[in-house]
Amino acid sequence: MAGKKSEHGEPVELTVGERVVRLSSPDRVYFPETGATKRDLADYYLAVGEGIVRALYERPCMLHRYPEGLAGEKVHQKRVPRGAPDWLETVRVTFPRYDRTADELCVTELASVIWAVQMSTVELHPWNSRRADTERPDEWRIDLDPMPEAGFDRVRRVAGVAQEVLDELQITGFPKTSGGDGLHVYVRIRPDWGFADVRRAALAFAREVERRAPQDTTTTWWRKDRDPAAVFVDYNQNTRDHTIASAYSVRGNPRGTVSTPIRWDEIADVEPQELTMATVPARFAELGDLHAGIDDVEHDITPLLEWADRDEREGLDVPGDDDS
C-alpha cells in the first residue's frame, strides 16, 4: 500500500500568500505530450498569479477538472465540494430553469487557484458578472471562433475589423488568444444591464463586423448553416451561465496551451500554439499582465443597444434568445 500512496509523488505543501495548500500526487502527469505534471501546473499558476487572480476576481467560476490527467475523463464542476478549506470563498448562483442553486468558487486570492489545481482543475471558466450582482455582467466578451476551414489568418483579419469598430465606438478592448484556434476580446462595461441586453449588444456588434467583412465573418445561429470557412463572432458567449476560459487559464489539450493576453499589434504575428504553460511564465515576467488596465474604465453599451433596436426594427431577430 505504501508504494501506491507514493506512485505519483509524496504530497507537498505550498505556501501561497498567507495560506498553505497541500498538493497531493504532484508527480502525476497531466499532459502526456509534454510530460507536464500536476506540480508543473501549480507552478505555472503561481508564476502568473497576479494575472489569473485579476481575470477571476470575485466571479462565479466553473472548474474543468481532469482527475486522471488529460488521458482520463473531464469533469465540469460548478459546486465547491464539501471539505473545502474554510478560507475558500464562494458565491451562490441560481439556475431558474432547473430551480437549483450552486455555490461556485469565487477567487479573491491566489491560494484559491492553487486549491483548484489540487482538485485536479486545469481550466478555469468564470462568469462575466461578479458576486456583487451576478445578474448584471460587467464584462462583454467578443469571441472570434473560426469554423473548421477557416485558418488563423482569417481570424487575424476579423480581429482587425473588430478593433476598427471598437475604436469608432471609443471602446477599449483587451485581446487574448483563446488557447485554441480563435481569439477573444474582453471589454469592461458598466454593470447596468442584464444578460439579455448584453447579449443583444454583442449581437449588434457582431453584425456590424459581419457587414464590414462579409467574406470572412458569420453571425449565423445554427452551426450547420454557417460557412465552414468563416469566423463566427460568437455573441452567445454573453448568455447567462455561458463561460469561456479566463485569461491565463491553461487549456485541456496535449500541449497545455494558455489563453494569453496579447497586444493588438501582436495579432499579426502571434502563434497561439506557442503560448503554453511552459512559455507564458517568461513572457509574463517580461511584460507583466497585459490586462492590468482592464478595470480602469467601464464602458456604456447604450450605442450598441441602439444598433440592436435598429436591427430589430429592420426585421433581424435575436436568435436563441433565452435568458433563463
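**Reading aromatic pairs, cavities and a pocket**

Q: Which residues form one aromatic cluster?
A: One aromatic cluster is formed by Trp221, Trp222, Phe232 and Tyr235. The model is predicted, with local features needing pLDDT of at least 70 and side-chain atom pairs pLDDT 80 or more, whereas totals for chains, interfaces and linings use all residues. Residues are numbered from 1 along each chain as its sequence is written, and side-chain values use heavy atoms, leaving out hydrogens and water.

Q: How many aromatic pairs does a search of the whole structure find, and at what angle do the planes of tryptophan 221 and tryptophan 222 lie?
A: Rings of Phe, Tyr and Trp (its six-membered ring) pair if their centres lie within 6.5 Å; planes under 30 degrees apart are stacked, over 60 edge-to-face, and the rest tilted. Seven aromatic pairs are found in the whole structure. For tryptophan 221 and tryptophan 222, the ring centres are 6.2 Å apart and the planes at 70°, so this pair is edge-to-face.

Q: Are tryptophan 221 and tryptophan 222 buried, partly exposed or exposed?
A: Relative accessible area (1.4 Å probe, protein chains only) under 20% means buried, over 50% exposed, and in between partly exposed. Tryptophan 221, at 23%, is partly exposed, while tryptophan 222, at 55%, is exposed.

Q: How are the rings of tyrosine 248 and phenylalanine 284 arranged?
A: Their centres lie 5.4 Å apart with planes at 85°, so the pair is edge-to-face. The pair links distant parts of the chain, 36 residues apart: tyrosine 248 is in the loop between strand 14 (231-233) and helix 7 (280-287), and phenylalanine 284 is in helix 7. Helices (H or I, at least four residues) and strands (E, at least two) are DSSP runs numbered from the N terminus. Tyrosine 248 is buried at 3% relative accessibility, and phenylalanine 284 is buried at 11%.

Q: How many cavities of 30 Å³ or more are counted, and which residues line the largest cavity?
A: On a 1 Å grid over the protein atoms alone, a cavity is a set of points where a 1.4 Å probe fits but cannot get out; a pocket is an open set with protein on both sides within 12 Å along at least five of seven lines; lining residues have an atom within 4 Å of a point. There are four cavities of 30 Å³ or more. The largest cavity holds about 70 Å³, where volume is the space filled by probe spheres set on grid points joined across faces, edges and corners. Its lining includes Arg54, Glu139, Arg188, Tyr248 and Asp289. Helix 3 (49-56) and strand 12 (183-188) each give two or more residues to this lining, and the largest share, three residues, comes from helix 3.

Q: Which residues line the second largest cavity?
A: This cavity, of about 50 Å³, is lined by Tyr248, Thr260, Pro261, Arg283, Phe284, Leu287, Gly288 and Leu290.

Q: What is the volume of the largest pocket, and which residues are the closest to its centre?
A: The largest pocket has a volume of about 270 Å³. Among its 17 lining residues, Asp143, Asp145, Ser178, His184 and Arg251 are the closest to the centre. Strand 10 (139-146) provides the largest share of the lining, four residues.

Q: Where does histidine 125 lie, and with which side chain does its own side chain make a polar contact?
A: Histidine 125 belongs to strand 9 (residues 121-126) and is buried, at 5% relative accessibility. A polar contact is a pair of N or O atoms within 3.5 Å; within protein, one must be able to donate a hydrogen and the other to accept it, and residues adjacent in sequence count only if both atoms are side-chain atoms. The side chain of histidine 125 makes such a contact with the side chain of histidine 64, at 3.5 Å.
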